[in-house]
Amino acid sequence: MDTNIVEVINVTREVAWLPWAVQYFFLIGLSVGGVLLSLPGYAFAREDWRKLGRVALLVALTCGLAAPVALLSDLHQPGRFWHFYVVVRPTSWMWWGSLIIPFYVTGLLVYAWACFREEFQEQGRVDSRLAVLYRLAALGGGRNDRLIRVTGLVVLAGAALVALYTGTEVAVVKARPLWHTPFLPVQFLTTALVGAAGLVLILNRFAADSDRDVEVRANRLLASFLGAVMVFGGLWLALGLFGIDRTHAEALDSVSTSEAWRVTAVWAVLAAVVPFVIAVGKPMGTGLLTGLIAVHSAWMFRWTVFIGGQTVPKTGAGFYEYALPAGPDGLLGIIGTAGLWFFLLLVITAFLPTPLRPAPHPVRAVMAADRVVAAAE
């Protein structure tokens with residue numbers, strides 16, 4: 001009797017974390033980065049950082065409100081979110097995330113209100129159809145630096161927790177050497193700062209007054225964040241190339257035969273070096289270009305980590321094929337999330353008052369008046 005032997009070499013598996021997850025980690029990272037960039041101008045009352053801080057706060061607010069929607073969509077059945085609150089899992093970073101996210105978003109909303117309260121008060125004094133709403137939003141008060149500082153510290157704690165949990169819940173996966181590295185939470189944070197600085201540069205052009213000082217400062221910040229990305233990326237690569245750490249060596253070995261991953265590596269280097277050189281060499285007049293590249297880099301890093309990482313099998317040889325579907329779990333979901341963010345941007349910027357112009361410095365104002373009088377004489 002003939003016997004047929006079938007040897008199973010590998011089993012192709014569908015990706016578990018869909019592009020919704022990429023969108024969530026991208027948006028929540030930009031929000032955290034926006035909060036950090038807003039703190040000098042608001043929580044620490046640095047007037048020279050105020051205009052950049054306002055744009056950064058807009059980044060934090062719009063991205064922070066859109067991110068949880070993408071996260072709920074990634075659950076495949078959004079109604080499952082309540083399971084996190086009825087089943088206690090203190091050993092799960094995802095369970096901790098279900099507590100951290102509401103804390104962060106609530107803190108962000110209160111912090112944003114405290115920061116914009118002065119503008120609401122001023123606009124409430126202007127004769128307009130929305131004057132009543134502005135007075136209600138101000139709650140009878142104006143600028144309160146102490147309140148801003150306290151709420152800023154609260155949202156900073158929430159941002160730190162978000163950065164910790166989003167990086168750690170991926171890094172703890174021992175079955176995937178590409179993910180299982182202590183560098184991943186730091187790389188998520190530094191690339192989030194890159195994306196936030198990039199979005200500040202973009203919104204400074206289209207949602208603010210294209211302030212040159214903001215552009216220069218944001219470009220310099222972007223260059224410093226890109227420098228940090230390159231340092232941590234180089235350390236990760238060195239640990240694998242020189243066999244200093246077994247996990248990093250396994251991660252490099254798992255993708256060493258892939259032409260697509262080699263192209264990705266070249267892209268990653270260029271995406272960091274090109275905007276870094278531009279931002280350092282010509283920080284004025286290049287904000288739109290460096291901003292677009294930076295936002296693209298932050299998004300593609302997460303796409304590579306999540307989607308690319310899942311194409312590397314845990315066991316067996318070869319790579320899984322992934323084709324981006326056109327439906328809600330693919331391209332349509334990405335476009336829909338971007339549309340939600342854009343809608344929030346339009347609504348928030350439509351309601352927010354015109355930014356207040358900083359009061360002139362007393363000494364400079366006197367000197368300017370003296371020059372006017374001298375010119376008249």
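At what angle do the axes of α4 and helix α6 cross?

1. **What you are looking at.** This is a predicted model, in which local features need pLDDT of at least 70 and side-chain atom pairs count only at pLDDT 80 or more, while totals for chains, interfaces and linings use all residues. Residues are numbered from 1 along each chain as its sequence is written, and side-chain values use heavy atoms, with hydrogens and water left out.

2. **The overall make-up.** The protein has 13 helices and zero strands. Both kinds of element are DSSP runs numbered from the N terminus: helices are H or I with at least four residues, strands are E with at least two. Of the 377 residues, 45% are buried. Buried means under 20% relative accessible area, exposed means over 50%, and partly exposed lies in between (1.4 Å probe, protein chains only).

3. **Two helices side by side.** Back to the opening question: the axes of α4 and α6 (residues 145–171) cross at roughly 150° and come within 8 Å. The axes are lines fitted to C-alpha atoms, for helices over the stretch in contact, and angles run from 0 to 180 degrees between N-to-C directions. The crossing of α4 and α6 is left-handed, which means that the near helix is turned anticlockwise from the far one by less than a right angle; clockwise would be right-handed.

4. Leu99 lies in α4 and is partly exposed at 36%.

5. **Salt bridges across the chain.** Side chains of opposite charge can pair when their charged atoms come close. The whole structure has eleven salt bridges, each a side-chain nitrogen of Lys or Arg within 4 Å of a carboxyl oxygen of Asp or Glu. Asp48 pairs with Arg46 (3.0 Å, N to O). Asp48 also bridges to Arg217, with the closest N and O atoms 3.7 Å apart. This second pair links distant parts of the chain, because Asp48 is in the loop between α1 (19–38) and α2 (50–74) and Arg217 is in helix α8 (residues 212–241), 169 residues apart. Another bridge joins Lys51 and Asp211 at 3.0 Å. Lys51 is in α2 and Asp211 in the loop between α7 (183–206) and α8, so parts 160 residues apart in sequence are tied together. Shared partners join Arg46, Asp48 and Arg217 into one network.

6. Most residues other than glycine have a negative phi. Ala45, not a glycine, has a positive phi of about 55° and sits in the loop between α1 and α2. Leu139 also has a positive phi of about 55°, and lies in the loop between α5 (131–138) and α6. Ala45 is partly exposed at 27%, whereas Leu139 is exposed at 59%.
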